[in-house]
Structure formats: structure tokens, C-alpha cells
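Dear colleague,

I am handing over the structure we spoke of, and you will find it directly below. My notes on what was found in it follow, so please read them with the model open.

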Amino acid sequence: MARKSDTEGGDDAGTAVRLVLLGRPGAGKGTQSARLARHFEIPHVSTGEILRAAVRDETDVGARARRYMESGELLPDDVVVAIVADRLAADSDVIGGFLLDGFPRTVAQAEALLEVTAPRGVDLVIDLDVPTDVVLGRLAGRRVCERCGADFPQSAGGPTPSDRCPRCGAEVAARGDDTDVTIARRLDVYESQTAPVAAWFAERDLLVKVDGIGDPDEVTARLLRTVERRRQERDTDR
Ligand code: AMP
């Protein structure tokens with residue numbers, strides 16, 4: 001496992017974890033990442049969220065991202081790597097840890113991530129495992145806030161489309177890329193481009209698979225146990 005340089009950062013950098021969450025669209029990465037990031041007090045970096053905010057704010061990156069996102073395709077690696085590198089440079093000097101959600105999605109992005117985060121690299125990559133038939137049902141019910149981007153799985157008692165976002169009061173609706181055609185394409189892209197990323201991290205002894213089926217609280221507990229185990233191994237390695 002990649003080790004932290006002892007000279008890097010302060011005490012926080014020594015204890016904060018560097019995590020990556022992989023998984024099919026609809027596996028629950030957004031919900032679980034937010035919880036893990038809160039628990040470990042690390043920044044939650046979601047490339048999908050950053051890109052949706054860029055589209056809402058009508059920035060240049062947003063204008064470019066929109067057509068890829070609407071068709072369920074991945075943005076070019078260099079664009080996404082630059083976004084993540086900027087964000088980590090801004091955060092990791094201070095905190096040391098981070099949780100990446102939705103990145104890396106290609107092997108080229110994974111290679112770039114280990115370069116950007118060298119020498120310590122990442123501590124653990126979690127493959128949140130939910131089979132295709134289950135994610136299809138979840139994606140159909142998912143609603144997001146059009147203003148703040150908060151994500152509400154309908155099955156977990158989230159708002160219906162006519163409801164307002166409990167956080168900011170704006171309207172909630174299905175995500176623009178949660179249509180049948182785009183969902184099918186995103187799942188294909190996952191199998192062809194992102195599943196090999198899990199294998200790539202497994203070869204580097206960084207991957208653990210966690211069952212993402214069940215009550216969200218149970219899944220969170222599973223994830224926390226997995227990360228804590230890895231942290232203990234890291235501490236005994238030192
Ligand atoms: P997500 O919210 O993670 O499902 O991402 C939504 C969409 O944003 C994806 O379908 C892609 O079009 C784009 N996207 C997000 N992350 C990446 C990434 N790491 N590489 C390329 N495209 C991405």
C-alpha cells in the first residue's frame with residue numbers, strides 16, 4: 001500500500017484518509033461519499049457535481065461538458081484531470097485527505113491521479129458493488145435539486161418531483177442524464193471504461209469491493225468498517 005511521506009503535511013495529513021469510491025451510476029456513490037467525507041472530515045470531490053455546477057453556472061467548461069453529459073459519454077481525460085488536480089491542490093495542502101467520487105473513470109485518469117497525489121498516492125479504492133438490475137430501478141426514482149444539486153433517492157423517502165428541496169427550497173426533478181437512453185449508455189461506458197479501473201487498482205493492492213445493497217445506513221457502516229480496517233493496517237505498516 002502507498003505510504004505517506006513522513007515529512008508531508010502536519011498531524012492531520014498523517015491521519016486523514018485518501019479515498020476513491022468507484023461504482024456503477026446509481027450505486028449510491030453520492031450519498032455514501034457525502035457521509036464518509038463528513039465522518040472523516042475530508043473534502044468530498046465529485047466530478048459529476050463539479051461539472052453539473054459548471055453547466056448551471058454557464059462557464060466555458062460547463063458549455064463543453066453539457067453535450068457529453070447529456071449523451072452519457074465521458075469528458076476527455078485531460079479536462080477532468082485538470083479539474084481534479086486544481087481541486088486537490090487547493091485542498092490537500094491543508095487537510096491531506098480527500099474522497100473522490102466519480103473519478104477516476106478511465107485507466108488514464110487513474111494513472112494521472114497517482115501522479116498528482118505522489119508520493120503518498122491514495123490509501124484505498126472502494127468498489128461499491130451494486131448489480132445492473134438494481135441500479136436501473138434506483139436511477140429511475142432518483143431526483144436532484146435543480147439549484148444546489150442535492151441528490152434524493154426516492155425510495156429513501158426523498159421528495160417527489162413536485163416537492164421542494166429541503167435544503168435550499170428550489171424545485172427537484174429527475175437528472176437530465178437519467179433518461180432510459182442515457183442510462184443505458186452510461187452503464188455501457190462503465191463496463192467498457194471504468195470496470196478496468198477497478199482491476200487496475202486491484203493489481204496495485206489498493207482495491208476493496210464492498211456490497212452496496214441494503215439499507216443506506218447499513219452500507220455506510222460496512223464502508224466505515226472497511227476504511228477503519230485499512231487505516232489500522234496503514235498504522236501498523238509505519
Ligand atoms: P456522475 O454524476 O458521476 O454520474 O457524472 C455525470 C456525468 O459527468 C458523467 O456521465 C460524465 O459525462 C461526466 N463525468 C463525471 N466524472 C467524469 C470523469 N471522471 N471523466 C469523464 N467524465 C466524467
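Sorted by class, the shell around the ligand is made up of six nonpolar, four polar and five charged residues. This is a predicted model, and everything that follows should be read with that in mind. The residues around the ligand number 15, and those that come nearest are T47, R52, E73, G102 and Q109. Among the secondary-structure elements, helix α3, which spans residues 47-56, gives the most to this shell, with four residues.

An oxygen atom of the ligand is placed 2.6 Å from a polar backbone atom of E73, while a nitrogen atom of the ligand lies 3.1 Å from a backbone N or O atom of L75. Of the 480 Å² that the ligand exposes when taken alone, the protein buries 96%.

As to confidence, the protein chain has an average pLDDT of 87, and 88% of its residues score at least 70. The highest mean, 98, belongs to strand β8 (residues 207-211), and the lowest, 49, to helix α1 (residues 11-15). Throughout residues 1-13 the pLDDT is below 50, although this stretch has 26 contacts in the model beyond near neighbours in sequence.

Turning to the strands, there is an open sheet of three, in the order β6-β5-β7 and with antiparallel pairing. Because β6 (151-153) and β7 (172-173) stand at the edges and have a single partner strand each, one side of each is left without a neighbour in the sheet. Strand β5 (residues 142-145) runs antiparallel to β7 and is joined to that strand by two bridges, and V144 is found opposite A173 in β7.

Most residues other than glycine have a negative phi, and most peptide bonds are trans. Against that background, the peptide bond that joins F103 and P104 is cis, with an omega of about 0°, and P104 sits in the loop between β3 (98-101) and α6 (107-116). A cis peptide bond also leads from A118 to P119, where omega is near 5°; P119 belongs to the loop between α6 and β4 (124-129).

With best regards

Definitions and conventions: Residues numbered from 1 in each chain as written. Predicted model: local features only at pLDDT ≥ 70, side-chain atom pairs only at ≥ 80, totals over all residues. Heavy atoms only, no water. pLDDT = per-residue confidence, 0-100. Contact = heavy atoms within 4.5 Å. Near = heavy atom within 4 Å. Polar contact = N/O pair within 3.5 Å; in protein donor to acceptor, adjacent residues only side chain to side chain. Areas by Shrake-Rupley, 256 points an atom, 1.4 Å probe, with all protein chains shown as cover. Nonpolar A, V, L, I, M, F, W, Y, C, P; charged D, E, K, R; others polar. Pairing = 2+ DSSP bridges.
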